[in-house]
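Good morning, and thank you for coming. Please look at the sequence and the structure now on the screen, and keep both in view while I speak.

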Amino acid sequence: MSSTPKHLRQAALALGAALLLAGCAGPNPRDPYESYNRAMFSFNDTVDTYALKPVATVYRDVTPSFVQTGVGNFFGNLADAWTAVNNLLQGKGEAGMSDISRFALNSTLGILGLFDIASEAGLQKHKEDFGQTLGTWGVSSGPYLMLPLLGPSTVRDTVALPADFAGNIWSYKDPVYLRNIGTGVNLVDTRASLLDATSMLEDAALDRYEFIRDGYLQRRESLIHPDGDGGKPKQQDPAVEEAKPASPQAAAPAPAEAKSAESSATVSSESVPKELNSGTPAAGNASL
Amino acid sequence: MMKLFKQLFAVATVALAFNAHAAGPANEAPDALVKRISQDVIETAKADKAIQAGDTKKVMQLVETKILPYVDSDRMTSLAAGRFWREATPEQQKKLSEQFRTLLIYTYSGALSQIKNETVDFQPLRADPADTEVEVRSKVNMTRGEPITLNYRVAKGAAGWKIYDINVMGAWLVETYKGTFASEISKGGIDGLIKTLTAKNQSLASKPLKTAK
């Protein structure tokens, strides 16, 4: 992860590969590229098993915990700046201003973000990326997409990636070797924080690919619409239960439209009949 | 002086125990119920050296005695199986429910054995007192990383409130299993799904629990 153009290329490649595979529709309407995704999933898994996970495990067990906290805080602070931008873009003024205060406070009194004093002062940390911003603007997620090395995503979130890379302050760090070291350390630290979660996942899942996919898609949806399915649980009953996709509403623009944020922003997210949810994103893709 | 102190302490303990008993499942609010179970389980897990050391038997015992009585695993299974539930024979339903319940025990046990310094914050319940289905929301503060969302769907039945779905980090357990269930059933029918679940449980039974480092 060294430079933005490289990321752009990666994202474009992943998208291209996905579009090539648009013809072969899988059984799950939200995952038409399942065969490609599964191949990429096992590739990522291999990289993780033999490279990332062992390094992260050693890092977790050997590095003093205050160092780990500092690393997490430092990169977390940089991420707060981009979160602030996205919160403001989503019209969440209060959260955005709070993120700006966090960034200002932690960057100065928190010594370049090493200490998260803002959290202790009651300013809650948020995490927003441009994919969530597009989602808030009404862009539907499109099909599930497994990215090389970057992991689970969707077509919308992949299209949003170049903006996220550009919004990452660390990607402007000079000299380049320091930037690369930092990016590597951040990656290992993030992976280390997920070690327990992933070992639980192995226990719980019958099919890890499906489990991660179905969990990830729900999680993204809940991040965009925190109260999506409301304070009241759905009145579910096996007798009336249909095999319906997770998201009840879909603006369903063709994923190509998502490339231009302006045009997508005008697409309203009125409730659309269920069948749109399953058919349209895939069909829109196939026609590209 | 010391004796008096001891007596006071004993009285206080009895009073507390009685209180806990009085707030039993009969007329307990759903959020109070979930809060009570979760605090009880976390405290027991933190205090028990054997659990901390990953004693599988102990952890599973904790799950079975303190959590499972308040979980409607039949409903969870039927929801996860969706429309296939009606196609199953009563015998298949029973087997499926049993195996899914066992898998959940292993999953909870795995989570519990990793408890260290985590604390749980509950959000105020947004529900009408007359509601029979509510969502209880909480956040688990982790030793590192962001807090984790942990929400519960709770329904009132003849035996009081019971949990029938859990949301971890934005994903509902039932919804997450639904896809897997459907694809296993499409491959080998309901018996195929039961077989896969049984095999999974057997492999988990022979594997030691991972503990928090």
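Predicted model: local features only at pLDDT ≥ 70, side-chain atom pairs only at ≥ 80, totals over all residues.

I begin with two helices of chain B: H4(B) and H7(B) are roughly perpendicular to each other, a word used here for angles of 65 to 115 degrees. Helices (H or I, at least four residues) and strands (E, at least two) are DSSP runs, numbered from the N terminus. H4 covers residues 56-67 of chain B and H7 covers residues 90-112 of chain B; their axes come within 9 Å and cross at roughly 110°. Axes are lines fitted to C-alpha atoms, for helices over the stretch in contact, and angles run from 0 to 180 degrees between N-to-C directions.

Residues are numbered from 1 along each chain as its sequence is written, and chains are lettered from A and ligands numbered from 1 in the order in which they are written.

Which residues of H7(B) does H4(B) meet? They are B:Ile105, B:Tyr108, B:Ser109 and B:Leu112, and the residues facing them from H4(B) include B:Val59, B:Met60 and B:Val63. Contact requires C-beta atoms, placed from the backbone, to lie within 7 Å.

Let us turn to chain A. Its secondary structure comes to 12 helices and 2 strands, in the order α-α-α-α-α-α-β-β-α-α-α-α-α-α along the sequence. Of its 288 residues, 36% count as buried, that is, with 20 or more other C-beta atoms within 10 Å of their own; exposed means 12 or fewer, and partly exposed lies in between. Among contacts in chain A between residues at least 6 apart in sequence, 66% join residues at least 24 apart.

Helix H3 of chain A, residues 65-89, has 25 residues and spans 35 Å from its first C-alpha to its last, close to the 36 Å expected at 1.5 Å a residue. After H3(A) comes A:Gly91, with a positive phi near 80°. The axes of H3(A) and helix H4 (residues 93-108) of chain A come within 8 Å and cross at roughly 160°. These two helices are therefore roughly antiparallel, the description for angles over 145 degrees. Their crossing is left-handed. Among the residues making the contact are A:Ala81 and A:Ala84 of H3(A), and A:Ile100 and A:Phe103 of H4(A). By class, the contact has 6 nonpolar, 7 polar and 3 charged residues.

Two residues other than glycine have a positive phi: A:Leu112, near 55°, and B:Met169, about 55°. A:Leu112 is in the loop between H4 and helix H5 (117-120) of chain A, and is partly exposed, with 13 other C-beta atoms within 10 Å. B:Met169 lies between strand S4 (160-168) and strand S5 (171-172) of chain B, and is partly exposed, with 18 such atoms within 10 Å.

Definitions and conventions:
Parallel < 35°, antiparallel > 145°, perpendicular 65-115°, else oblique. Contact = placed C-beta atoms within 7 Å. Expected span 1.5 Å × (residues − 1). Left-handed = near helix turned anticlockwise from the far one by under 90°. Nonpolar A, V, L, I, M, F, W, Y, C, P; charged D, E, K, R; others polar.
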